[in-house]
Each structure stands twice: as structure tokens, then as C-alpha cells.
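Dear colleague,

My notes on what was found follow below it.

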Amino acid sequence: MKNRTLFAVMTVAALSSGCTNLQRSRDLANPDVAGQTLAEQVCSNCHGVTGMASSPNFPNLAAQQEVYFTNQLNEFRGHSRRDPAGFEYMWGISRSLTDKQVHELAVYFAAQKHPNQPVERSAAEIEAGHAIFTSGIAAKGIPPCGSCHGPGGGGNDKFPRIAGQHADYLIKQLTVFQRTDERPEGSIMKTVAHELTRDNIVAVSAYLQSIPE
């Protein structure tokens, strides 16, 4: 009887340990690890636990559109998104994710709050960016950013939230759209960004980071 009791205790302990490990797992190849766990244990290293990245090299994911987020992870998994800043990190990370995990990650980050972001740019630069965001540049055939991304920059399904995004990250991505074909699913942005000057890109990026919650 004593041996049976000891065996039962050891079994329970092993199962409990397994549950704890699963809840804290960083195993990207384990389909049983929940998306939220991966967000907290893996994604947080670059994007922050709540999706607010401390480094402007990495995008904020908090309050991002679920559809857009899912599409981006699928592009990374399928190796169709090829911008170096993305694939160097995300091809390997996304490789073994299941559809369920991708969905859970999208739901988790979409539910996070996005606090205001400070921006170190001049008032004149931010105002110039605001004009591009709301009115576009008619002389160059550039439409207002808000026509796709919403009047507050919060996004709309396949169009991402860009409000409160790091200006440096936005500058980098607008340059990718403008000069390369490394993001084929965002081909519409190549057309939009084509006629933007460097000053235009910096100004609109500064404004977008400054948009309040």
C-alpha cells in the first residue's frame, strides 16, 4: 500500500510539473503551448509582454488588428515577407507555429492596451505629418493614410494599426515599401509610398507615433 501511495504522489507531482512547464514553455515546436504563453515567454523578448516594444527596432503589437497580425505571421511562415528586419527574426520563430497558435497570438495582442507614445520631433514636423495623414499629397496622387488605416490610425482588418507605432520602425517599413519588393502582400503601399520624399516619410511617421490613444 505504501508503494502504491508513493507512486500516486509521484505521478501527480510529475503531471503538475508538466502543466507548469507547459504554461511557461518557450518551445515553439510544441503545438500544445498556448499562444498567450508564447506571447509572454517568447514574443515579449522583443515586443514586450503587453505588445509595447521598448526598442524602436521592433514594432508595437498592442491593439493590432487580428486579421492583419494573422496575415503577417502567415507571410513569415510562408517566407513571402522578406524584409531583412523581419525575416532575420521571424522566419525561424514562426516556422512551426500552428494555425491555432497564430490565432491565439493575434487575439492576445489585439486585446492589449496601447498607451500614448512620446515623440521627440518638432511641432512643425508633426503638423506636416498630420496633413499627409488626413489629406494626402494631392499633387503627387498620394491618398490620405486615414482612408485605409482609419481616421485615428487604428487600422481596419487587413489594414494595420499604425497609430502609436515607433516612428523609426515606420520610417524603415515605408522605405521598404518604397524601394523594394520585399513585402509583396503590401504592394498597394509600394504605389502609395513611391512619391514620398524622405522628409514626408519622417514627418508622417512622427505624427503617427504621436497619435494619442
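**What was found**

By class, the residues that line the largest cavity are four nonpolar, five polar and one charged. Please keep in mind that this is a predicted model. The lining itself is made up of Asn60, Leu61, Ala62, Gln64, His114, Arg161, Ile162, Ala163, Gly164 and Gln165, and the space inside the largest cavity comes to about 40 Å³. Counting cavities of 30 Å³ or more, the structure holds one.

As for the chain as a whole, its secondary structure consists of ten helices and zero strands, and the C-alpha atoms fill a box of roughly 85 × 30 × 25 Å when this is taken along the principal axes.

Helix H8, which covers residues 167-179, packs with helix H10, residues 198-210, at an angle of about 140°, and their axes lie 8 Å apart. Roughly antiparallel would require an angle over 145 degrees, and H8 and H10 are therefore oblique to each other. The crossing in which H8 passes H10 is right-handed. On the H8 side, the residues in contact are Ala167, Leu170, Ile171, Leu174, Thr175 and Gln178, and these meet Arg198, Ile201, Val202, Val204, Ser205, Ala206, Leu208 and Gln209 in H10. Sorted by class, this contact of H8 with H10 has nine nonpolar, four polar and one charged residues.

With kind regards

Notes. Residues numbered from 1 in each chain as written. Predicted model: local features only at pLDDT ≥ 70, side-chain atom pairs only at ≥ 80, totals over all residues. Heavy atoms only, no water. 1 Å grid on protein atoms, 1.4 Å probe; cavity = no way out; pocket = protein on both sides within 12 Å on 5 of 7 lines; lining within 4 Å. Points joined across faces, edges and corners; volume = space filled by probe spheres on them. Nonpolar A, V, L, I, M, F, W, Y, C, P; charged D, E, K, R; others polar. Axes fitted to C-alpha atoms, helices over the stretch in contact; angles between N-to-C directions. Helix = DSSP H or I, 4+ residues; strand = E, 2+ residues; numbered from the N terminus. Parallel < 35°, antiparallel > 145°, perpendicular 65-115°, else oblique. Left-handed = near helix turned anticlockwise from the far one by under 90°. Contact = heavy atoms within 4.5 Å.
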